[in-house]
Amino acid sequence: MTRTFETVGVVGLGTMGAGIAEVFARAEMSVIGVEADEAALERGRGHLETSTARAVARDRMTAEQQSALLGRITVTTSREDLADADLVVEAIPEIMEFKRGLFADLDRVCKPSAVLATNTSSLSVTAIAATTSRPAQVVGMHFFNPAPVMRLVEVISTVVTGEGLAGEIAGLARRLGKTPVTVGDRAGFVVNRLLLGYLNHACGLLESGLASRDDIDAAMKLGLGLPMGPFALLDLIGLDTSYEVCEVLFRESRDRRHAPAPVLREFVTAGLLGRKTGRGFYSYADGTPTVPESGPRAPVSMVGIVGSGPEVARLVADLDAAGFKATVAERSDLTPVADADVVVALSDRPVVELAVRLPHPERLVGLHLVGDRVAEVASTVLTSEEVAVAVQDLVTVLTRTPVRCGDRAEMVVDALLYPYLNDAVRMLDSGYATAAEIDDAMRLGCGHPAGPFEMLDAIGLERVRDGLRALYAEYREPSFAPAPLLDQLVTAGVPGFRSYAR
């Protein structure tokens with residue numbers, strides 16, 4: 001049976017639910033919005049009016065179109081008004097007890113043919129469906145915030161979802177102007193399963209002292225072109241929400257990468273939940289936190305560079321243009337840089353073994369150039385603070401953003417990026433979703449400039465595999481070991497996932 005969805009109910013008119021209601025109304029469907037009480041209903045009406053007024057102000061719709069859109073949305077505090085809806089989408093808080101109770105009630109209220117959908121971002125759709133007498137007509141329809149803008153919808157089917165229903169919901173998503181990604185019922189689905197692993201890992205790096213909050217955020221935003229760094233994003237999502245999603249992921253996977261970082265628990269316990277409470281990793285009450293002033297700087301005239309290849313030649317040219325002298329040495333013979341004021345070893349690997357071979361080991365730092373905008377400055381246990389600050393200033397003169405960090409494998413950017421890419425390969429290898437679907441999900445759901453498989457192909461599979469090996473050797477974290485599929489593709493000489501038919 002091919003269903004027609006003309007009347008849609010949306011339960012919960014918070015920011016997310018109101019956005020979902022607006023999306024359906026934009027597609028000229030009749031919408032019934034339901035809230036718990038009159039006060040919540042007024043807030044929901046306010047969300048709708050504010051969002052559509054913003055679209056009018058930006059010339060994305062006319063005042064007449066706004067009036068017509070709002071006219072297609074009826075708001076009520078009675079669930080009984082959903083009796084004739086063809087589809088009902090739930091958008092209430094991420095608490096399983098609340099959702100199961102709501103679906104049991106919707107099963108009673110809605111007509112037998114109605115489809116019930118949950119907008120959950122991580123909870124089990126199967127467990128929600130089990131509370132109804134129609135589990136074959138229950139699906140996940142996960143929109144992303146803000147729903148009128150974000151193009152992705154994850155469509156989640158369970159082992160009892162009726163044949164063809166997921167395809168019909170995906171077709172409805174396309175009717176709404178969205179790109180659907182259809183997957184099975186696994187915790188976190190695609191986006192949150194990959195995203196929260198990355199965000200939780202960032203918390204672990206912060207706790208380990210590898211780099212500061214500001215340096216990690218700058219590294220990922222400027223180095224990879226992400227919309228925001230991991231800590232700014234955690235504050236936006238809500239630390240409590242992030243913590244709960246990690247808990248759900250860990251309960252299913254038992255993977256230590258998903259076990260919530262202790263710092264998340266500490267913030268949540270203290271009630272510091274991010275933007276919604278005015279303070280999380282950043283403070284939003286007092287404006288942008290001030291950056292502490294740097295300490296004394298070592299004078300720099302001669303810069304020693306350890307490395308080879310085009311990157312070295314470019315760095316020498318940049319230093320020359322900025323008025324600095326440079327001398328270059330190979331890793332095998334450090335004599336040419338022995339008397340330099342500072343020595344930078346171009347590497348994404350630990351460089352302390354080079355420092356101990358110099359007469360002045362306190363003058364050496366690791367330098368990893370990331371894209372065109374970031375340079376990671378890695379201090380060893382021997383590096384003097386004056387030298388580290390001097391190289392930080394030097395990087396700034398070269399119009400890059402310096403990221404201070406410890407002397408660890410893959411430093412910051414790649415230490416966060418490569419395990420995320422590895423998770424995506426494991427997801428693909430499990431048959432959960434295709435490479436194209438995973439790429440679409442992360443580009444459209446998170447605003448990333450490229451999906452993980454596009455990144456893998458651009459970086460090179462062998463380089464990522466070798467980076468993961470270095471991370472595994474350094475941290476002994478099982479999830480850092482290269483995914484078997486990645487190892488096999490490198491061994492087989494496959495250049496990238498574009499060449500790999502799955």
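## Exercises on a predicted protein model

Arginine 72 is located in the loop between helix H3 (63-71) and strand S3 (73-76). Helices (H or I, at least four residues) and strands (E, at least two) are DSSP runs, numbered from the N terminus. The model is predicted: local features need pLDDT of at least 70, side-chain atom pairs count only at pLDDT 80 or more, and totals for chains, interfaces and linings use all residues. Residues are numbered from 1 along each chain as its sequence is written, and side-chain values use heavy atoms, with hydrogens and water left out.

### Exercise 1. Surroundings of arginine 72

Classify arginine 72 by its relative accessibility, and list its contacts beyond the neighbours within four places in sequence.

Solution. Step 1: the classes are buried (under 20% relative accessible area), exposed (over 50%) and partly exposed (in between), with a 1.4 Å probe and protein chains only. Step 2: arginine 72 has a relative accessibility of 25%, so it counts as partly exposed. Step 3: a contact requires heavy atoms within 4.5 Å. Under the stated exclusion, arginine 72 is in contact with Ala25, Glu28, Met29, Ser30 and Val31.

### Exercise 2. Positive phi angles

Determine where glutamate 28 and phenylalanine 189 lie, and decide for each whether it is buried or exposed.

Solution. Step 1: glutamate 28 belongs to the loop between helix H1 (15-26) and strand S2 (30-34). Its phi is near 65 degrees, a positive value in a residue other than glycine. Step 2: the relative accessible area of glutamate 28 is 60%, so this residue is exposed. Step 3: phenylalanine 189 is in the loop between strand S8 (179-183) and helix H7 (191-208). Phenylalanine 189 also has a positive phi, about 55 degrees, although it is not a glycine. Step 4: with a relative accessible area of 0%, phenylalanine 189 is buried.

### Exercise 3. A peptide bond

State whether the peptide bond from asparagine 145 to proline 146 is cis or trans.

Solution. Step 1: omega of this bond is near 0 degrees, and the bond is cis. Step 2: proline 146 lies in the loop between strand S6 (138-143) and strand S7 (152-156).

### Exercise 4. Packing of two helices

Describe how helix H9 (residues 230-237) and helix H10 (residues 239-253) cross.

Solution. Step 1: two packed helices are described by the angle between their axes and the distance between the axes. Axes are lines fitted to C-alpha atoms, for helices over the stretch in contact, and angles run from 0 to 180 degrees between N-to-C directions. Step 2: the axes of H9 and H10 come within 6 Å and cross at roughly 95 degrees. That makes H9 roughly perpendicular to H10; angles under 35 degrees count as roughly parallel, over 145 as roughly antiparallel, 65 to 115 as roughly perpendicular and the rest as oblique. Step 3: Leu234, Asp235 and Ile237 in H9 meet Leu239, Thr241 and Ser242 in H10. These residues divide into 3 nonpolar, 2 polar and 1 charged, where Ala, Val, Leu, Ile, Met, Phe, Trp, Tyr, Cys and Pro count as nonpolar, Asp, Glu, Lys and Arg as charged, and the others, Gly among them, as polar.

### Exercise 5. Aromatic pairs

How many aromatic pairs does the structure hold? Which geometry has the pair of phenylalanine 267 and phenylalanine 281, and which has the pair of phenylalanine 453 and phenylalanine 497?

Solution. Step 1: rings of Phe, Tyr and Trp (its six-membered ring) pair if their centres lie within 6.5 Å; planes under 30 degrees apart count as stacked, over 60 as edge-to-face and the rest as tilted. The structure holds 6 such pairs. Step 2: the rings of phenylalanine 267 and phenylalanine 281 have centres 4.7 Å apart and planes at 50 degrees, so this pair is tilted. Phenylalanine 267 is in helix H11 (residues 262-269) and phenylalanine 281 in the loop between H11 and strand S9 (302-306), 14 residues apart. Both are buried, phenylalanine 267 at 18% and phenylalanine 281 at 7%. Step 3: phenylalanine 453 and phenylalanine 497 form an edge-to-face pair, 4.8 Å centre to centre and with 65 degrees between the planes. Phenylalanine 453 lies in helix H17 (residues 452-459) and phenylalanine 497 in the segment after helix H19 (484-491), so the pair ties together parts 44 residues apart in sequence. Step 4: ring pairs also link Phe231, Phe267 and Phe281 into a cluster.
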